[in-house]
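This report goes through selected local features of one protein chain. The sequence and the model come next, followed by the notes.

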Amino acid sequence: MTAQSPSSRAALPQWQHVAAHAAAMGGTHLRDLFAADAGRGERLVLDACGLHVDYSKQRITGETLPLLLKLAEACGLRQRIDAMFAGEKINTPEHRAVLHVALRAPQGEKILCDGHDVVPDVHEVLGRMAAFCRQIRSGTWKGHTGRPIRAVVNIGIGGSDLGPVMAYEALRHVADRQLTFRFISNVDGTDFVEATRDLDPAETLFVISSKTFTTLETLTNAHSAREWLLAKLGDPAAVARHFVAVSTNAAEVSAFGIDTANMFGFWDWVGGRYSMDSAIGLATMLAIGPELFEEMLAGFHAIDEHFRTTPFERNLPVLHGLLAVWNTTFLGAHTIAVLPYDQYLKRFPAYLQQLTMESNGKRVTLDGRVIDDYQTGPIFWGEPGTNGQHSFYQLIHQGTRMIPCDFIGFAQSANPLGRHHDLLMANVFAQAEALAFGKTADMVRAEGVPESLVPHKTFPGNKPSTTILAKQLTPRALGSLVALYEHSVFTQGCLWGINSFDQWGVELGKVLAKRIVPELESATEPKLEHDSSTNALIRWYRQASS
């Protein structure tokens, strides 16, 4: 291990205090922590913005959070929060402001970027989106043949897909069931073919989401959509009635055939993974309507204000982020499982994968130093309960790795059906209890289990979890839940000293792919100058695909 510069986070006295505390805790078990503190389960909880968060089953003592809060102070978290909300260019490698909070700021608030108030710009776009959505939803917008739109297909990738598809699935129960929604992201032709197989071009609207209107995967799918439409409708003028764009490149949008009056823009201070509540959410607004979209924005804004104004010791995103740093960097966890006990949130873990891992999957600090003395972003993964219980929970309970878990549940089901919801929520509470306390060998023996099976039926416990609850999965609750994770990610990045708002790591593979495409498509044998493995794979593909 190399000697660290004074700017290394690990050189901070507050960091070393947290590390020493983690070492001193050793094997302290959650069973002991609860036994020593009868009120722990009522005390280590927070309620804010419609969310009830129980973090009492995290492996922390009375010393842990005060030490982490001092570390957050030493890392300048307060100053970073203030700078973000003030529109300062905290994304220093790209010299950009980070203002996704402006996307949900109410009219009348002022958020400046380079001296310009961006809130009126946001509401101008929201107003145009709302007017367009009302036309589609009411049937007054007609396709090229005079028929109303019955199907909406969102074409994007990354944040231009994961946010809209997650929000649509999460809020499907309040969506307009007269409209069909499909989402295409993969450049694999199967994604396009299956999404459009049963649709009628005369009743289909495509939303093409690409800020630059040059994204390879998105534009490949968009051109296939154009060909699919014109194969039936024939007239190129039909494109203007069946395509809209979420973009800022008016020239390319117009060249494609889309009327720029139906182009909805956003700004370079919005990162793709933070954009589901911008014009990127047009498909979401089409599905649930402008009024419910406004409710979702209100949920985002409530957490924004909570994050901005609430003391850190009672601040949901701050504490959530500090616990992620504690588990990842100081207790050695490599992953975090997100386990939503609501089928509508089935795409939420996939959405969080981009939000968290594209944001904090970094090995270099803001000032360009390589991090080699602590771990940064953990791997996020998960599936909805109770499906996951019959899949990977075995490893969480009895495997050799510590995997912190976030359980997410709701007091009321969107679809009450007999005992179903009580059974579902019983599993939320039971799984968190089992992970925390386990089952000792003596408890197993007391059940009369043969000694040879005792080790197999013993559960070590001491597996940390946080339980996040809300009354119902409403648009407002979804907005608050997403904003909680957004600002938690920001908090984590601040403590690790990294920039959570760039993503250079996605570029290299894309650049190399552009080089390989003509080598795959060449009519003559190309001269290959890759490594021997890549050269051999290209030759195999050319032969097998011909």
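## An enclosed strand

Strand S7, residues 204-209, has six of its six residues buried, so the strand is largely enclosed by the rest of the structure. The model is a predicted one. Burial applies to both faces of S7: Thr204, Phe206 and Ile208 are buried on one side, and Leu205, Val207 and Ser209 are buried on the other.

S7 has pairing partners in S5 and S8. Strand S5 (residues 151-155) runs parallel to S7 and is joined to it by five bridges; here Ile155 stands opposite Ile208 of S7. With strand S8 (residues 243-246), S7 also pairs in the parallel sense, over four bridges. In that pairing Ser209 is opposite Val246 of S8.

## Packing of H6 and H13

Two packed helices are described by the angle between their axes and the distance between the axes. For helix H6 (residues 119-138) and helix H13 (residues 290-309), the axes come within 10 Å and cross at roughly 145°. H6 contributes Leu126, Ala130, Cys133 and Arg134 to the contact, while H13 contributes Pro290, Glu291, Phe293 and Leu297. By class, the residues of this contact are six nonpolar and two charged, with no polar ones.

## Backbone geometry in loops

Positive phi values occur at His95 and Asn462, neither of which is a glycine. His95 has a phi of about 55° and sits in the loop between helix H5 (77-85) and strand S3 (112-113). Its relative accessibility is 57%, over the 50% cut-off, so His95 counts as exposed.

Asn462 has a phi of about 65° and belongs to the loop between helix H19 (454-457) and strand S13 (465-470). Asn462 counts as buried because its relative accessibility of 8% is under 20%.

A cis peptide bond links Gly385 to Thr386, with omega near 10°. Thr386 is placed in the loop between strand S11 (379-381) and helix H16 (393-398).

Ala11 lies in the segment before helix H1 (13-25). Ala11 is partly exposed, at a relative accessible area of 33%.

Terms used. Residues are numbered from 1 along each chain as its sequence is written. This is a predicted model: local features need pLDDT of at least 70, side-chain atom pairs count only at pLDDT 80 or more; totals for chains, interfaces and linings use all residues. Side-chain values use heavy atoms; hydrogens and water are left out. Axes are lines fitted to C-alpha atoms, for helices over the stretch in contact, and angles run from 0 to 180 degrees between N-to-C directions. Helices (H or I, at least four residues) and strands (E, at least two) are DSSP runs, numbered from the N terminus. Contact means heavy atoms within 4.5 Å. Ala, Val, Leu, Ile, Met, Phe, Trp, Tyr, Cys and Pro count as nonpolar, Asp, Glu, Lys and Arg as charged, and the others, Gly among them, as polar. Buried means under 20% relative accessible area, exposed over 50%, partly exposed in between (1.4 Å probe, protein chains only). Two strands pair if DSSP finds at least two bridges between them.
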